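Open your viewer and get ready to click around. We'll go stop by stop: select something, look at it, then move on.

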Amino acid sequence: MKILVLNSGSSSLKYQLFDMPEGKVLCAGLVEKITEKIGRLEHSYDGKKIVVEEHFPDHKVALNQVAQVLTDPQYHILESADEIEAVGHRVVHGGESFSATTEINEEVKSKIKELFSLAPLHNPANLQGIEVAENIFAAAKQYAVFDTAFHSTLPEEAYRFAIPEEFYSQYGTRVYGFHGTSHRYVANQAIQHLGLKEEDSKIITIHLGNGCSMAAIRNGKSVDTSMGLGPLSGLIMGTRSGDLDPSVIFYLLEQGYEIEEIKSTLNKKSGMKGLTGDNDLRNINARANDGDAAAVLALKMYSYRIKKYIGSYMAVLGGLDAIVFTAGVGENDAATRAKACAGLEAFGISIDSQQNQQRKSNIHEIQDGKIKILVIPTDEEYEIARQSYNLTQGKTPYE
């Protein structure tokens with residue numbers, strides 16, 4: 001069965017085509033700079049790459065170009081767009097309306113639209129991708145896979161804020177969490193790799209990319225996570241501040257800053273970017289090795305925040321079987337992993353420095369203590385395809 005996975009951003013369109021249930025990737029690509037004067041489609045298949053540079057005025061034109069590439073006889077991928085039996089769409093915010101992957105209908109699209117205010121940069125683009133795909137791949141079933149769904153199992157004491165109740169009841173102001181597809185995927189991989197029983201497992205997953213989040217996962221279910229109402233809270237990130245005393249916002253308002261300026265600063269100019277002027281951990285590590293004081297401090301703050309969450313989540317879980325590092329930084333930055341776990345030996349958390357320095361393409365154990373520490377490459381696209389495939393077979397999405 002051919003399943004297309006789409007991740008529609010505000011000016012981009014990322015895709016992968018899978019042959020399921022084998023999980024074989026038939027091709028993958030990215031359309032960038034949609035609406036700009038010159039856009040770029042980069043398509044990879046069978047070890048080859050093609051590039052198309054032209055004007056993509058909107059997502060409809062971009063996805064039509066993708067469909068044309070998929071069905072071009074010279075690439076031998078598909079004979080017709082109708083060969084695609086399902087399309088799995090990444091949707092960032094499902095609010096309290098969606099706790100699982102869902103087949104898309106008019107009611108689902110209406111709910112996604114209602115949630116625009118909770119994810120104004122993402123949900124509108126996600127919905128646009130859905131509506132375009134419905135026309136181009138009319139024979140396929142369309143499924144929405146929500147970033148927030150995995151965290152719908154948080155207990156109320158974890159997802160509520162200590163603010164007047166009407167803010168929750170009227171506006172849905174609560175913790176939703178993000179990166180759920182990644183957290184679910186690597187947690188399941190860890191459980192299988194370690195031979196744990198899902199119903200008796202305690203795992204901390206650490207997703208470190210330009211955006212960063214952690215999750216406490218008990219018995220295969222998320223019980224706490226570091227991102228909240230939006231993706232700004234928790235860990236220090238590439239350009240986001242992470243946890244911040246709300247008084248800082250009030251103070252900056254009193255100093256004459258406008259609310260939109262503060263919002264932009266905390267989301268786009270803070271984190272490692274704000275501390276060092278750069279949000280690339282490779283560059284920051286190199287600068288720290290050369291003695292750059294700002295880089296050294298930023299890395300200390302970055303790992304310190306991770307360490308605090310590890311400790312708090314061990315308390316929440318009442319013990320720990322494994323820690324999982326994933327995503328771009330988590331999978332590739334040995335220094336960050338070492339700093340985040342340093343000083344936790346009393347809790348059974350210790351890294352084998354030699355194993356930590358090795359880079360592997362599959363699951364990799366790096367612990368030197370009783371708590372397993374794993375590096376697991378995330379694969380959100382495969383997880384979306386897997387869940388979509390399960391629904392086409394009449395199963396629950398997570399079987």
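The model on your screen is predicted, so local features need pLDDT of at least 70 and side-chain atom pairs count only at pLDDT 80 or more, while totals for chains, interfaces and linings use all residues. Residues are numbered from 1 along each chain as its sequence is written, and side-chain values use heavy atoms, with hydrogens and water left out.

**Stop 1: Gln 16**

Select Gln 16, which sits in strand S2 (residues 13–19). Is Gln 16 buried or exposed? It counts as buried, at 15% relative accessibility. Here buried means under 20% relative accessible area, exposed means over 50%, and partly exposed is in between (1.4 Å probe, protein chains only). Now show what surrounds Gln 16: leaving aside neighbours within four places in sequence, it is in contact with Ile 3, Leu 4, Val 5, Val 25, Cys 27, Ala 28 and Glu 381. Contact means heavy atoms within 4.5 Å.

**Stop 2: the annotated residues**

Next, pick Asn 7 and Glu 380 together; the UniProt annotation "binding site" (unreviewed entry) covers them. Although they are spread over 374 residues of sequence, they cluster in space, with a largest C-alpha distance of 10.3 Å. A word on such labels: UniProt positions are given in the numbering used here, feature names are shortened, and annotations may be inferred rather than shown by experiment.

Zoom in on Asn 7, found in strand S1 (residues 2–8). Asn 7 is partly exposed, with a relative accessible area of 21%. Not counting residues up to four places away in sequence, Asn 7 touches Ser 12, Leu 13, Lys 14 and Arg 90.

Follow that last name. UniProt lists Arg 90 for "binding site" (unreviewed entry) as well, and you'll find Arg 90 in strand S6, which covers residues 84–91. Which residues does Arg 90 touch, not counting those up to four places away in sequence? They are Leu 6, Asn 7, Asn 126, Val 145, Asp 147 and Ile 384.

Now jump to Glu 380, in helix H15 (residues 380–392). With residues up to four places away in sequence not counted, Glu 380 touches Thr 181, Ser 182 and His 207.

**Stop 3: H6 against H15**

Two packed helices are described by the angle between their axes and the distance between the axes. H6 and H15 pack at an angle of about 85 degrees, with their axes 9 Å apart. Axes are lines fitted to C-alpha atoms, for helices over the stretch in contact, and angles run from 0 to 180 degrees between N-to-C directions. H6 and H15 are therefore roughly perpendicular to each other. The cut-offs: angles under 35 degrees count as roughly parallel, over 145 as roughly antiparallel, 65 to 115 as roughly perpendicular and the rest as oblique.

By class, that is 3 nonpolar, 4 polar and 4 charged residues. Ala, Val, Leu, Ile, Met, Phe, Trp, Tyr, Cys and Pro count as nonpolar, Asp, Glu, Lys and Arg as charged, and the others, Gly among them, as polar.

**Stop 4: H7 against H8**

Select H7 (247–254) and helix H8 (residues 259–268). They pack at an angle of about 135 degrees, with their axes 10 Å apart. That makes H7 oblique to H8. Which residues make the contact? Ile 249, Leu 252 and Leu 253 come from H7, and Ile 259, Ile 262 and Leu 266 from H8.

Leu 266 leads you to Ser 241, one of whose contacts it is. Ser 241 lies in the loop between strand S11 (221–225) and H7, and counts as buried at 12% relative accessibility.

**Last stop: His 76**

Finally, find His 76 in the loop between helix H1 (59–70) and strand S6. At 71% relative accessibility, His 76 counts as exposed. Draw a line from its C-alpha atom to that of Phe 250: they are 174 residues apart along the chain and separated by 59 Å.

Methods. Helices (H or I, at least four residues) and strands (E, at least two) are DSSP runs, numbered from the N terminus.
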